[in-house]
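Hi everyone, thanks for making time for this. I'd like to walk you through one structure today, so let me put it up on the screen.

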Amino acid sequence: MLLRSLIGLVLVCFCWGTEIAAAEGPRVKPAAPPVSLIDQALADLSSEDQSTQEAAVLFLSERGDPSLLLKLEAIRDSADRSVRLALKPLMDQLKNRINLSSPDVDQRRSAAADLGSAGKPGAIPWLEAALENEPHRWVRYAIEESIALLQLASTNPDDQITAATKLGELRSQNAVPALKELLQQGSDGSATAQHQAVASAARAAIEQIDIWASWAGAFETIFRGISLSSILLIMSLGLAIVFGLMGVINMAHGELMMVGAYATFVTQECFKAYLPPGAFDYYFLVSMPVSFLVAAVFGLILEATVISFLYGRPLETMLATWGVSLVLIQAARVYFGDLTSVVAPSWLSGGVQAMVGVYLPYNRIFIILLSILCVCGIYFLLFRTGIGLRVRAVTQNRDMSSCLGIPTRKVDAYTFAFGSGLAGVAGCALTLIGNVEPGLGQNYIVDSFMVVVTGGVGKLMGTIVASLGIGGLNKLLEPSFGAVYSKVLILVLVVVFLQRRPSGLFTIKGRHADT
Amino acid sequence: MKSSPESTKSDLVKNAVETTMTTAAGSSRREFLAQSGRVVAAAGVASLLGNLGGWALSYAADKEPIKIGILHSLSGTMAISEVSLKDVVLMAVEEINAKGGVMGRKIKPVVVDPASNWDLFAEKAKQLLVVDKVAVVFGCWTSVSRKSVLPVFEKNNGLLFYPVQYEGEECSHNVFYTGAAVNQQAIPAVEYLMSKEGGGYKKFYLLGTDYVYPRTTNKILRAMLLAKKVPAADIMEEYTPFHHQDYQTIVGKVKKFAAGGKAAVISTINGDSNVPFYKEFANQGLRAEDAPIMAFSVAEDELRGMDTTALVGHLAAWNYYQSVDTPQNKKFVADFKAYCKKNNLPDGEKRVTDDPMEAAYFGVHIWKQAVEKAGSTEVDKVRKAVYGSKFLAPGGEIKMDEANHHTNKPVLIGEILKDGQFKIVSRSKGLVKPEPWSEYTSPDKGCDWIGHQGTYQKKA
């Protein structure tokens with residue numbers, strides 16, 4: 001026992017010693033092995049003999065001198081496949097080392113993560129050096145995680161225990177497979193006391209990580225639910241006004257979203273063509289009002305030419321607007337073709353890391369905020385302005401409002417245009433999530449109707465609650481049922497719900513003019 | 001048109017005979033003799049002329065153009081992919097006609113639009129075969145459209161060249177499959193990922209749109225992975241509905257699955273779901289280094305309509321890329337761009353070529369070669385001539401299989417670049433022999449139209 005621990009101590013000292021030597025290696029470049037050795041190794045790289053080649057790779061990766069990269073590239077360009085294969089991990093290692101001091105946060109972080117997963121213990125001193133003056137919180141996290149991961153793979157049990165504890169504290173999901181392996185080794189019959197100590201450390205770490213992962217999972221599910229709800233909400237708001245308040249079944253509502261999406265695309269192309277590249281990132285701010293206006297104008301035209309003749313005839317309205325939707329789809333296909341993509345501005349791509357393992361994409365946060373803004377705007381307009389008062393009066397009792405001198409035809413047109421404009425904003429927001437294509441509206445129209453009907457026709461509050469409910473439930477079901485069946489389940493639930501309460505979540509109470 | 005010279009000829013003879021009859025009564029015998037001699041001569045000349053006319057006619061019929069059918073959706077959801085195939089087939093036809101056609105006869109394409117509707121596919125196929133009597137049809141993209149036209153082609157003994165990669169498990173006497181079978185795309189792609197060169201990946205997330213191609217492909221891939229001793233816990237399989245847009249949960253699952261490294265995503269996601277998937281993947285902080293996505297349905301033609309920032313560094317497997325560096329490919333790409341520009345097609349010179357387009361293009365040439373070899377456009381003769389024929393396609397020489405109606409092609413793995421093109425990172429050694437029935441899921445079945453009658457049971 002004493003002998004064993006002595007050997008262990010010696011081993012630790014030895015490892016420590018080599019680490020220091022490796023750490024000092026690149027700093028005292030000229031003093032370390034003479035240049036000829038490096039040249040010899042570089043020559044060995046192209047050797048036919050596998051073991052010579054491997055030894056050379058090992059030697060060079062231990063040296064870890066970034067200035068070798070250029071020479072290696074020269075070798076690679078003239079080498080055959082097997083040499084290129086052998087060179088790749090070496091070159092990746094060196095590149096990552098350089099990237100550790102890159103000014104770009106994402107690059108530093110990627111480099112740290114890659115060094116951790118490459119499994120070369122020679123990288124530990126580089127990482128430690130980088131850790132010392134690293135200001136960014138999540139890069140520090142990645143570096144610490146990588147160091148611990150590399151130590152976990154060492155043969156020294158004490159190192160392994162410290163590394164396992166550290167990984168547990170870091171709540172590193174990336175370490176779970178390696179920790180599980182250690183646990184496996186420890187539970188073997190032939191495991192030594194040391195192995196068992198390592199295994200128990202690993203077990204504790206895994207527990208810590210798992211508890212954290214379930215919290216993080218719950219948080220993520222809530223965020224996803226809210227995000228999906230906000231998308232459903234922003235799609236349904238326009239419909240809630242046009243269908244809910246005015247009672248017009250507009251099958252072309254989805255195509256008004258498509259118009260909004262194409263307006264965004266055109267704005268982007270204009271920015272590309274006429275403004276300096278620096279301004280490009282702000283095109284999205286411009287495109288939102290533009291898509292609102294364009295969709296509203298389309299709505300006005302649609303109202304004046306088709307719908308105004310069909311008030312009070314829902315079936316005919318439905319057929320006519322469906323025809324309009326087909327015309328719009330084919331027109332978009334003919335005019336724009338299929339070469340349309342909207343590039344998200346740089347401030348809306350990527351995401352913020354909220355906590356370990358939880359990323360919140362910027363585009364989704366943006367859509368959540370936008371939908372809240374739209375709801376507030378609508379409430380303000382409907383309940384705090386004169387126009388809103390008229391709209392509410394006309395939708396509640398058309399004849400009486402007309403008697404009181406409200407120009408009902410004009411109010412109809414404005415309301416319809418406003419609802420269409422909201423569809424345009426929704427289309428603009430959807431370009432952040434998916435594609436711009438002629439069939440865009442078709443993907444969303446069914447969901448929007450489902451939200452409005454479930455919420456109760458004529459009640460904005462119903463639309464908001466229904467979108468939250470449907471979105472949240474969908475994300476709750478999806479992890480266990482999969483995307484296809486959770487959608488089926490949601491539809492079944494909606495059908496059952498509507499059979500119990502045909503008028504939806506929120507009903508208009510009291511004496512209503514239409515009923 | 002055809003009957004008019006015939007009728008003139010018989011009229012001439014009849015007139016001659018009538019004149020003989022009427023004049024014979026009131027004139028002398030000598031006159032009659034002389035006249036009848038003239039009449040006989042006239043009749044002879046007339047019949048000779050008639051024969052000549054008939055011969056000329058039949059000669060013209062030989063020179064009549066050969067009709068071929070093009071059965072690709074030009075409207076509806078599949079139009080985005082299929083219009084390019086129609087364009088490239090028409091380009092191949094134009095090329096062949098410019099060089100004198102097939103056996104001295106021009107090719108006349110008959111283009112129909114099945115509008116992405118599979119019932120209409122069967123209807124239009126029947127119209128092409130029965131009404132237009134075309135010699136061959138180039139068409140179809142989705143597996144469901146192919147399955148719907150299959151009975152029509154088999155009943156009327158038509159000939160279809162199908163240019164798209166598909167799930168296999170089919171062996172029709174009336175179809176030549178110029179796209180890849182599963183063992184020429186999906187299986188080599190996964191083998192590449194498992195190899196040292198490809199990164200030595202050990203865990204696989206099979207993700208697809210919910211329909212026949214992804215389901216069958218993933219069934220085969222799962223069987224193959226299990227056969228290669230990948231534990232079942234390291235294989236995930238998941239499907240999404242068509243047009244799925246919300247990939248938050250799935251990407252979250254991938255992230256969890258990929259933690260600890262050595263995991264890859266095998267994507268058979270189709271159409272407009274790809275953009276939201278790749279965007280979400282990048283936005284949740286996953287990189288191609290953490291878990292590369294290997295896609296089987298993303299090619300240059302789809303990429304040109306996408307924002308590629310989120311896709312860079314991910315992989316795809318095909319048998320051809322626009323970036324293949326051969327002289328004949330350079331010519332093919334330049335010709336296609338020129339063709340689009342000349343005919344004022346949308347996007348003109350910005351158009352690109354991709355794998356299904358190459359397969360559609362060399363399909364036309366394989367058919368032409370076979371017709372010339374057979375000396376006829378009859379389906380049974382052409383079919384025999386196709387077996388084993390070779391063609392120098394843009395991506396390199398390909399060879400039609402000797403017996404199973406598929407194509408021997410190279411397999412290339414490509415990495416997506418910023419400009420929507422591919423960098424080729426791996427290439428198969430030589431051509432890969434097609435296996436319509438995968439050795440992993442149907443080891444007892446084979447496809448052979450020479451030694452057997454199509455699909456047969458292999459003896460154990």
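This is a predicted model: local features need pLDDT of at least 70, side-chain atom pairs count only at pLDDT 80 or more; totals for chains, interfaces and linings use all residues.

If you take the contacts in chain A between residues at least 6 apart in sequence, 70% of them join residues at least 24 apart. The domain assignment gives domain 1, covering 22-99, and domain 2, covering 225-500. The C-alpha centres of those two domains of chain A lie 58 Å apart.

Now let's look at a pair of helices in chain A. Helix H9, residues 157-170, packs with helix H11, residues 193-245, at an angle of about 10°, and their axes are 8 Å apart. That angle makes H9(A) roughly parallel to H11(A), because angles under 35 degrees count that way. Which residues meet there? On the H9(A) side they include Ile161(A), Ala164(A) and Leu167(A), and on the H11(A) side they include Ala197(A), Ala201(A), Ala205(A) and Ile209(A). By class, the residues of this contact are eleven nonpolar, five polar and no charged.

On to the place where the two chains touch. Here 38 residues of chain B are in contact with 40 residues of chain A. On the chain B side, strand E7 (235-240), helix H8 (248-258) and helix H9 (274-283) each supply at least two residues. Which of the elements gives the largest share of that side? It is H8(B), with five residues. The side of chain B that touches chain A has nine nonpolar, 15 polar and 14 charged residues.

Last stop: H9 of chain B. Ten of the ten residues of H9(B) are buried, so this helix is largely enclosed by the rest of the structure. Among them are Val275(B), Phe277(B), Tyr278(B) and Phe281(B), along with Lys279(B) and Glu280(B). What do the buried residues of H9(B) pack against? In chain A, they pack against strand E1 (351-355), strand E2 (358-361) and helix H15 (362-384). In chain B, their partners are H8 and strand E9 (293-295). And if you follow the chain on from H9(B), you come to Gly285(B), whose phi is positive, near 85°.

Terms used:
Residues are numbered from 1 along each chain as its sequence is written. Chains are lettered from A and ligands numbered from 1 in the order in which they are written. Two residues are in contact if their C-beta atoms, placed from the backbone, lie within 7 Å. Helices (H or I, at least four residues) and strands (E, at least two) are DSSP runs, numbered from the N terminus. Ala, Val, Leu, Ile, Met, Phe, Trp, Tyr, Cys and Pro count as nonpolar, Asp, Glu, Lys and Arg as charged, and the others, Gly among them, as polar. Domain bounds come from an automatic or database domain assignment. A residue is buried if 20 or more other C-beta atoms lie within 10 Å of its own, exposed if 12 or fewer, and partly exposed in between; C-beta atoms are placed from the backbone. Axes are lines fitted to C-alpha atoms, for helices over the stretch in contact, and angles run from 0 to 180 degrees between N-to-C directions. Angles under 35 degrees count as roughly parallel, over 145 as roughly antiparallel, 65 to 115 as roughly perpendicular and the rest as oblique.
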